[in-house]
Amino acid sequence: MSAVIDHTAHAGHDHHHGPAKGLMRWVLTTNHKDIGSMYLWFSFIMFLVGGSMAMVIRAELFQPGMQIVEPEFFNQMTTMHGLIMVFGAVMPAFVGLANWMIPLMIGAPDMALPRMNNFSFWLLPAAFGILLSTLFTEAGGPNFGWTFYAPLSTTYAPESVTFFIFGVHLMGVSSIMGAINVVATILNLRAPGMTLMKMPLFVWTWLITAFLLIAVMPVLAGCVTMMLMDIHFGTSFFSAAGGGDPVLFQHVFWFFGHPEVYIMILPAFGAVSAIIPAFARKPLFGYTSMVYATASIAFLSFIVWAHHMFTVGIPLTGELFFMYATMLIAVPTGVKVFNWVSTMWRGSMTFEAPMLFAVAFVILFTIGGFSGLMLAIAPADFQYHDTYFVVAHFHYVLVPGAIFGIFASAYFWLPKWTGHMYDEVLAKTHFWMSFIGMNLAFFPMHFVGLAGMPRRIPDYNLQFADFNMISSIGAFTFGASQLLFLFIVIKCIRGGKPAPAKPWDGAEGLEWSVPSPAPYHTFSTPPEVK
Amino acid sequence: MRESTLTIGQLTLRLCGVVVAMFAFGFALVPIYDVMCQAFGINGKTSASAYQGAAEVDASREVKVQFVATNAADMVWGFEPVAAQLTVSPGSVQEMRFIAHNPTDKPMTAQAIPSVSPSKAAAYFHKTECFCFTQQVLQPGERIEMPVRFIVDRDLPADVHRLTLGYTLFDITARKPPVPVAGR
Amino acid sequence: MFRRSVLTGLLLLCASLSAQAEWAVNMRPGVTEVSQNVFDLHMIIFWICVVIGVVVFGVMFFSMLVHRRSTGQQPAHFHESTTVEILWTLVPLIILVLMAIPATKTLIDIYDASEADLDIQITGYQWKWQYKYLGEDVEFFSNLSTPAAQIANKDEKGEHYLLEVDEPLVIPAGKKVRFLITSADVIHAWWVPDLAVKKDAIPGFINESWTKVDKPGIYRGQCAELCGKDHGFMPVVVEVKSQEDYAAWLDEKKQAAIALRELTSKEWSMEELMARGEKAYQGNCAACHQPTGEGMPPLFPALKGSPIATGAIEGHLDIVFNGKPGTSMAAYGKQLSEVDIAAIITYERNAWGNAVGDMLTPQDVVKFKQAQE
């Protein structure tokens, strides 16, 4: 982003004004590129914060016995790790990518609602400031898991739960505003000739993601509002004592929670669908079926939520319905994977860092999909549920899914953002360290989960010791390699081989028609799309 | 999807409308869930009001009804059914009494929450009268017998031979302070 | 150099650990028909996934090895093929249907509601389980029995570290046992992998599950739903006994209740009460108030030097017996015997430098109980 600052020198030649100077540029900016950069930096900081918490967790689990933290604090770490990674790292990173890339991809001069864009970003530091501050309260921060099941999160919660609720409200408002902005931009600001079915897949997946966000974030807001009312205003939505039902909480939460899972993965699908064709030098195999598959996944995400609750005592017909619906998700997901593989087939592939991350994404996400399919089988889920098998599953879809998707995107578009090529050798090192660390950390979790280790426990029986130690070593490797990523990005911003407008010879799309780094204002006159 | 002919302002307004509607939908899930629960007996929930219908007795069939009383963790009352089990014919009106006893030196309010297992039987378990429809206030040392009257529906699935009616007793004194009784 | 020695050290450590524990990598087939069915189902789905994985990844790796620019490949330009796309939608769909058939069958078996031989109510508490044999007048709590010193790494950890309890649930072999699962506070989940039984314990609601174990033995599990601080420290242990042994155990359990009544009426000395109190304190109180009596303020206050533990004995008894509403302090009057309550209170007043010097006998607790009634 400092490359963009360098560009102010040229502002005089341009009839547009360049960015304002100093700190106020960032506080008051309505420029989609500035806001995109801020989102990306914010999410990276949160990624490191949430990652440090994961390091605490893995350090405690390195060996059996309690060594480093108390169980109470351990629970706060697992809770905050989940909340920060989901709401602070993954979601803002995708919003950042959307801010930077969607206007460039559809030939728009900026986002449709630039002032709201600024506001929705600045809500985030406030939200996470509040959330993180709870760790310093006397009774500690949220300790009830990122899924905050009542009554542990209501009647039995630490006082800081009110701050937590307020924080969730703020980040919810931020996401909703971000989503409205994306929808308005995509539907109203496309360049002439850019029909919906000509949009890049990243734009398509984000459009669908934005609709998911608009549909479910308010439900989450309603859910935490009900909690707030139960805690402070004497209602009994989730308290059995007053005629409420703790299971209702889980239904409301997962009605939000399952679409949320896809919110975190669909934009990555879009990015990978741009990257694989670029490096295979071959068009995406089935554009139309990719769009329909994404839409089907989004639709199915609304009718599968109770597969997170197979053990709460749902009647047989309910279990069967949710089992079948969940298994169905495998079909559109399979269509996507087959599409990526056929795109690679008989291409002319090279394996630069974006492609490495994209290929790892396809392989590892598919493995996560397999364990997802196993988890969908209700009778088997009675054994898997709430064990490390589930932890392995969702880390396999989220780390190589969402996070690798974000890394792939970052390397793919860094030349466009900074005007420099990143250091390929370091980037490949980052990839291999992440890849090995990630597999070492999460693959053994399948084993301990199947062998019977429940999740969210600070200490365990000796039979789980070996694999936990391996997991911890893998997690430390993965964690350390992210500092390398930070170094690579800073190095790339500060200099490096100048990037041409289109640094990847196989890449397609309007974003490559503007110079690198992208000028502060682009597409003031809409391009013509044929 | 058709091309948008709305201006950005109109579109934003409509999307905000969707947001408000979905927020309301979150709350609407509460009654929807209750209706679903009672219709399908999810969670072993039974109706929170008295059953009005009457039914013919099916003397050819016997169903065991088991009674279980549980105290929430901070509830100190004595609470138990007078008998552990009844054998009933579907359709007949039955009665069971539960004994509650407040051993403390303070008046307290309690609420009993019923649950029927297996959950698929819940929709066939009708209470015509139940102490769980109201709250119980017991004075210090007071002991009462609380009745529940019920009918097991004739349409109870044939594979259910035994059902369990469990009550959990919660202390809600803090929420609903007992009104002092005049003259005590 | 440093890294290498660390690595060698880690490898050695791993090797030494493997010596004590086998590398369990798969689900346990368990000891019931249901658990065996679930295991088979798990393996079927697993192998289907493996086969699909081999095919998809095989194609992918072949492509990555062969179709690269460095080997001089020219990119093809094909895309969109309706036939292929219909095919790769239908084939997975058929595989899914094939998977759904055994899954549905197993699920229907699990939901079988036929008559059971024995009903046991299981109630989850923070952080222990209560077992109530319905119609038998036998009920007890089951607490973690792993010594705190093992958890704190001061003692060698045993084979069943964190998977051992003071009193396991005992059930007869070859009989269908029905579990009625509920909770007194937050949501817990009762899970024994070998029985393939996992059901959430939800406050205010009763959940049902069942098992029928033919092979006597001891089967271990854990609470599976995050339930607060000591979620990792509330194991489930089920001991399956032959029907004769079970009958004997049940009888003994009833005798023990009588014996406890005798203990209640016996004359206790200070030393006896302190000895019993220490044991009972470790099992019931130390999780929150800590073995040192220093607690974990502000959530769990210290007992060492506390006004309650060093003040009037009636107040001390009242809080142990009736709990403190609105806090984690439960009412132990219903959970513990008169003997244990008396012993714990005596211990708390005279341990860790608390030196009140007085003692409470089980008879005092009985009197207190009667006064409340």
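## Helix packing and chain contacts in a predicted model

Let's start inside chain A: α4(A) and α6(A) are roughly parallel to each other, a label for angles under 35 degrees. This is a predicted model, in which local features need pLDDT of at least 70 and side-chain atom pairs count only at pLDDT 80 or more, while totals for chains, interfaces and linings use all residues. Residues are numbered from 1 along each chain as its sequence is written, and chains are lettered from A in the order in which they are written.

Helix α4 covers residues 71-106 of chain A and α6 covers residues 161-188. Helices here are DSSP runs (H or I, at least four residues), and strands are too (E, at least two), numbered from the N terminus. The table puts this pair beside a second one; axes are lines fitted to C-alpha atoms, for helices over the stretch in contact, and angles run from 0 to 180 degrees between N-to-C directions.

| Helix pair | Axes come within | Crossing angle |
|---|---|---|
| α4(A) and α6(A) | 11 Å | roughly 20° |
| α6(A) and α1(B) | 10 Å | roughly 140° |

Who touches whom in the first pair? Residues of α4(A), including Phe87(A), Met91(A) and Val95(A), meet residues of α6(A), including Met171(A), Ser175(A) and Gly178(A). Being in contact means that C-beta atoms, placed from the backbone, lie within 7 Å. By class, this contact has 10 nonpolar, 3 polar and no charged residues. Ala, Val, Leu, Ile, Met, Phe, Trp, Tyr, Cys and Pro count as nonpolar, Asp, Glu, Lys and Arg as charged, and the others, Gly among them, as polar.

Helix α6(A) also meets a helix from another chain, α1 (residues 8-40) of chain B. On the α6(A) side, Ile176(A), Ile180(A) and Val183(A) are among the residues involved, and on the α1(B) side, Ile8(B), Leu11(B) and Thr12(B) are among them. That contact has 9 nonpolar, 2 polar and no charged residues.

Now for helix α13 of chain A, residues 353-376: its 24 residues reach 34 Å from first C-alpha to last, close to the 34 Å expected at 1.5 Å a residue, where the expected span is 1.5 Å times one less than the number of residues. Of those 24 residues, 23 are buried, so α13(A) is largely enclosed by the rest of the structure; buried means that 20 or more other C-beta atoms lie within 10 Å of a residue's own.

Note on methods:
Angles under 35 degrees count as roughly parallel, over 145 as roughly antiparallel, 65 to 115 as roughly perpendicular and the rest as oblique. Two residues are in contact if their C-beta atoms, placed from the backbone, lie within 7 Å. A residue is buried if 20 or more other C-beta atoms lie within 10 Å of its own, exposed if 12 or fewer, and partly exposed in between; C-beta atoms are placed from the backbone.
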